[in-house]
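Work through the following exercises with the sequence and the model at hand, and try each task before reading its solution.

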Amino acid sequence: MSRFAYVNGQYIRHTDARIHIEDRGNQFSDAVYEVWGVRNGELMDFDGHLRRLARSLGELKIRIPMAPAALTVILHRMVALNKLRNGLIYLQVSRGQARRDHAFPAANVRPGIMITAKSTNAITAETRAEKGISVITQPDIRWGRRDIKSISLLPNVLAKQAASEAGASECWLVDPDGFITEGASSNAWIMTTNGVLVTRPANTDILNGITRRTLFELAESRGIPFEERAFSREEALCAREAFVTSASAYLTPVVEIDGKPIGNGHPGTFSLQLREAYVATTPMRSRGRPVRDPVWLVAHRLERLVG
Ligand code: PDD
């Protein structure tokens with residue numbers, strides 16, 4: 001558990017952390033979130049997650065709560081305060097606290113921000129990856145803007161619970177045409193029998209995973225061909241390898257879909273190699289340099305102008 005949380009400007013003991021009853025995240029799911037993996041005390045893919053946060057906020061017209069440089073300091077402070085070696089940092093930004101009314105509140109309502117930390121056991125995660133995980137499939141019943149990292153996760157919660165009840169770790173969601181969109185909390189990948197990595201294109205059907213994007217770079221640098229296209233459950237069942245990617249799972253091999261083995265039923269060679277490469281390159285991707293992303297800078301300047 002988090003020792004300290006950050007809530008609306010204050011570092012506070014986790015057990016004492018509170019948000020207002022009329023926070024719009026609470027009443028309307030009117031909030032977005034980000035999750036950074038932390039490995040050996042470093043926030044992974046730091047800038048990528050910060051950029052996606054800016055994008056999610058922009059898509060929902062929620063104000064950026066503070067300058068990226070300030071947020072960078074707070075996120076690193078949360079790692080330090082919680083003495084986090086391996087785990088996750090969770091950040092949530094809501095449209096703020098206001099009397100309950102569906103339409104947006106007045107422009108001067110400040111966004112609400114909260115951050116928590118969670119430590120995980122690196123050895124357990126490694127063992128899980130070496131063994132591989134099982135996934136089940138279910139219809140994708142989510143809304144049409146899955147590219148926004150909204151906190152509205154009820155379909156994902158139900159899918160994960162179904163996986164858990166079936167003794168699986170993840171649920172791959174299937175669109176009405178029989179194609180996999182993504183996992184309940186991860187992106188879905190296969191490697192075809194002729195050695196091509198395949199994952200769904202990043203449009204409004206899926207969350208454009210930061211780990212997913214990093215993996216493209218790693219595959220490219222290793223000369224592994226990849227395609228962004230939809231693949232069906234049937235194609236996945238015949239794949240040579242399959243895996244999921246996310247900030248928490250990194251790359252974790254899938255060895256079984258709906259009870260049927262993938263390949264020889266063991267983690268694939270390429271999957272394990274790519275996981276190793278992902279972990280090995282963490283330090284290069286985790287510095288948290290001041291973000292010079294134009295989206296952030298323009299939004300922040302505008303914010304200062306309008307007060
Ligand atoms: N989940 N798709 C969904 C629906 C997700 O929830 C996630 C991440 C991903 C992978 O994105 P990334 O590589 O940026 O973590 C894809 C996070 C970890 C979560 O909800 O805890």
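**Exercise 1. Determine the handedness with which α2 passes α3, and describe their packing.**

Solution. Helix α2 passes helix α3 in a right-handed crossing, meaning that the near helix is turned clockwise from the far one by less than a right angle. The model is a predicted one, in which local features need pLDDT of at least 70, side-chain atom pairs count only at pLDDT 80 or more, and totals for chains, interfaces and linings use all residues. Residues are numbered from 1 along each chain as its sequence is written, and side-chain values use heavy atoms, with hydrogens and water left out.

Next, take the geometry: the axes of α2 (residues 46-60) and α3 (residues 68-81) come within 12 Å and cross at roughly 125 degrees. That angle makes α2 oblique to α3, because angles under 35 degrees count as roughly parallel, over 145 as roughly antiparallel, 65 to 115 as roughly perpendicular and the rest as oblique.

Finally, list the contact (heavy atoms within 4.5 Å): α2 contributes Phe46, Leu50 and Leu53, while α3 contributes Pro68, Leu71, Thr72, Leu75 and His76. Six of these residues are nonpolar, two are polar and none is charged.

**Exercise 2. Find the angle at which α6 and α8 pack, and name the residues between them.**

Solution. Helix α6 (residues 210-221) and helix α8 (residues 269-280) pack at about 105 degrees, with their axes 10 Å apart. Therefore α6 is roughly perpendicular to α8. Thr211, Thr214, Leu218 and Ala219 of α6 meet Leu274, Ala277 and Tyr278 of α8, a group made up of five nonpolar, two polar and no charged residues.

Methods:
Axes are lines fitted to C-alpha atoms, for helices over the stretch in contact, and angles run from 0 to 180 degrees between N-to-C directions. Helices (H or I, at least four residues) and strands (E, at least two) are DSSP runs, numbered from the N terminus. Ala, Val, Leu, Ile, Met, Phe, Trp, Tyr, Cys and Pro count as nonpolar, Asp, Glu, Lys and Arg as charged, and the others, Gly among them, as polar.
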